[in-house]
Amino acid sequence: MRRREFLAAGTGLSALSVFPNLSKIASAASMPLTTTATVSVPTLPQKVSIIDAVTRRAAIASMQLQYVWTDQFPTLPGVPLSALLPTQELPTIEWLIGAISVGITIVANLLGAVATVGGQAVGAQLSSINSQLASARTTLAASQSLFVQAQTGSDATVNALLAGQLQTSLQALFTQLGTMGESALTVLTTALSSTSTTATRTPASYDALFTAISRPEIAGYLHDDAMFAYLRVGGPNPMLLTSISAIPTKFPITNAQYQAALNTTDTLSAALAGKRLFILDYVELGAMAPAGGTSKTLTGTGYVAAPIALFALLPGAATLSAVAIQCGQNPATNPIICRTAASSSQAYWAWQMAKTVVNTADFNYHEMFVHLGRTHLVSEAFCVATHRQLAPNHPLSVLLLPHYEGDIFINELAAAIIMSPDTFGDLILGGPIAAAQQAAARDRLAFDFYNQMPPVDFANRGVASSSVLPEYPYRDDALLIWQALLDWATNYIGVYYKSDADVVGDGELSAWVTEIASSGKILGFRPITSRSQLAQVVAMIMFTASAQHAAVNFPQSQFMVYQPVYSGVMNAPPPSGLSASQQNWNALLPNMVAAIAQMHFLYLLGSVHYRSLGNYQSANFAYLSTLTDPAITATGGPLSQYRAALTAIEAKINAANTTRSYPYPYLLPSRIPTSTNI
Ligand SMILES: [Fe+2]
């Protein structure tokens, strides 16, 4: 099925059904249910017979019919994506069961939240959805039992038939859950449109939305300056903090302001000389943060700004301190607001407002750039190119395909129900959706492959050394995973490529490189001439699809579901002066429709953990291991070495988490999915 047909079939509020056309896709093509994971022993193209070479080229040609590039997606202009949604890209039974389990919790919470906000008037309207939800729970429980039967039955044919039926029924159930959510949101928007919404919203208004879902711990740190600083190194977006060697002219903070903010005799010049100053600059948001706000049909007028924030390490300190925030790019119209103690009431609330401005900008930057652009969309380019240029039994195909599992499918949903007008992105993010589409596309096309490798990225931002920035849990854990992946890639490649000449002589590999750089538009991707370079490239592909996505995806359900701390939109403009009140801060809290859409959608994204790192399984029933070459799987071989390394990292991170300011669980190997699938 063409993906743009899928898109055209569901936009607007009706597209909030999570799987608007899934059943149509599934019925349009037979499911590959009985395919085993067996492939012949992986081989390089230059090392096969002439007959095998012909077979190999035919296999590649077949895949090129299924995986076709397009950069004409209306919601992601210019981004190279798969034009089609091949049947084998549909989710597995295991993924569906996991996602449906989370979906049932979400609908239950949504019904409670709508009843809370809408009052008694909506109760009757929700009763039929409540009945459907009870039925969904029963169906899920029965499906889980049937899945066990399909996996353990003695007759493979019967098992496959059972799996086929399950796949169809679970897809229908998932679609049904989406429809329930859509119906509940419609009840809410209708109720709110007919009632007065002038009541003052406070954090308690949002606390009350957590009915079946637990309110996250971040709620206990609402105005906490230490947590605000920590989020830059251990929150959803740990990718922007940059060391500075000079104060930017567009952020003219003075020494007096610095000393007052931190109540210190330390000086700005000493902090600069000691490499103890760091900055966040949200300039890249551009048109996503328009002056004057953006008016939307369902959520009213909302605001996003592009602030600049300064952080410092006081002499001898291990943890960052927030210093000051400028709520826009122009210092002439945006005064620098310094950190202020609670005793100074009016300045204190201006400071709280400024922190909300930063977290709102961070929310937008995170979702469009760090999350969507630099993980989901980057992996799709590698997925398409791998299918199109490497034979199914090429060693790199065998290794990499499990790292792409689910990516095209979830990106399809992103294009349809996040990036389309009046769907989740439009509801949740404050700026114009067209600006978000263009900005996400621009950021994806600027993804510079070699410069994004973790050690290079940390060095480029001046935060590589623990002597410069002692507390940076994302960095410390990411480098452990990076090294394990690099070792795994090196050992794996060494089995098949006996020399650098084997790399240079691999015609499929060189075609793959060309395809990624040209059709895939991966900036900086260049010819691969050595085994060590190839290992770096493969490690980066695996890291991006697994660990990097995990680090930016799963904090969504821990931090970004709590709107008083993190929201994609503010309901009032940023502060224009240095004085404010608590009521002014309350006025920033988001519109209830936006808030409810945000918390439920991000809870889903941050709660589905599927197939952890180290597992290599087929996406087709019976989901067998895809690594079957004894040279890889033998005891003590590359795979067991890799898994042992992951086990050691798990223990090391768990130990580190006992002494960190806050535990950082997102890069525990057991919590990193192999692929970007949610
Ligand atoms: Fe994601």
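In this predicted model, helix α12, which spans residues 395–404, packs against helix α17 with axes that come within 10 Å and cross at roughly 150°. Two packed helices are described by the angle between their axes and the distance between the axes. Angles over 145 degrees count as roughly antiparallel, and α12 and α17 are therefore roughly antiparallel to each other. On the α12 side, the residues that meet α17 are Pro-395, Leu-396, Val-398 and Leu-399; their counterparts in α17 are Trp-488, Tyr-492, Ile-493 and Tyr-496. By class, this contact comprises eight nonpolar residues, with no polar and no charged ones.

Helix α17, residues 473–496, also takes part in covering another helix, α8. Helix α8 runs from residue 225 to residue 234, and because nine of its ten residues are buried, it is largely enclosed by the rest of the structure. The buried residues are Asp-225, Met-227, Phe-228, Ala-229, Tyr-230, Leu-231, Arg-232, Val-233 and Gly-234. Their cover includes the strands β4 (277–281), β7 (308–312) and β8 (321–326), together with the helices α11 and α17.

Helix α11, part of the cover of α8, extends over residues 345–389 and includes Gln-389. Is Gln-389 buried or exposed? Its relative accessible area is 15%, and under 20% counts as buried, so Gln-389 is buried. The side chain of Gln-389 makes a polar contact of 2.7 Å with the side chain of Glu-515. Leaving aside neighbours within four places in sequence, the residues in contact with Gln-389 are Ile-60, Gln-64, Glu-508, Ala-511, Trp-512 and Glu-515.

The model also contains an iron ion with protein donors.

Notes
Residues numbered from 1 in each chain as written. Predicted model: local features only at pLDDT ≥ 70, side-chain atom pairs only at ≥ 80, totals over all residues. Heavy atoms only, no water. Helix = DSSP H or I, 4+ residues; strand = E, 2+ residues; numbered from the N terminus. Buried < 20%, exposed > 50% of the residue type's maximum accessible area, 1.4 Å probe, protein only. Polar contact = N/O pair within 3.5 Å; in protein donor to acceptor, adjacent residues only side chain to side chain. Contact = heavy atoms within 4.5 Å. Donors = N, O, S within 2.8 Å, 3.2 Å for Na, K, Ca; no water. Axes fitted to C-alpha atoms, helices over the stretch in contact; angles between N-to-C directions. Parallel < 35°, antiparallel > 145°, perpendicular 65-115°, else oblique. Nonpolar A, V, L, I, M, F, W, Y, C, P; charged D, E, K, R; others polar.
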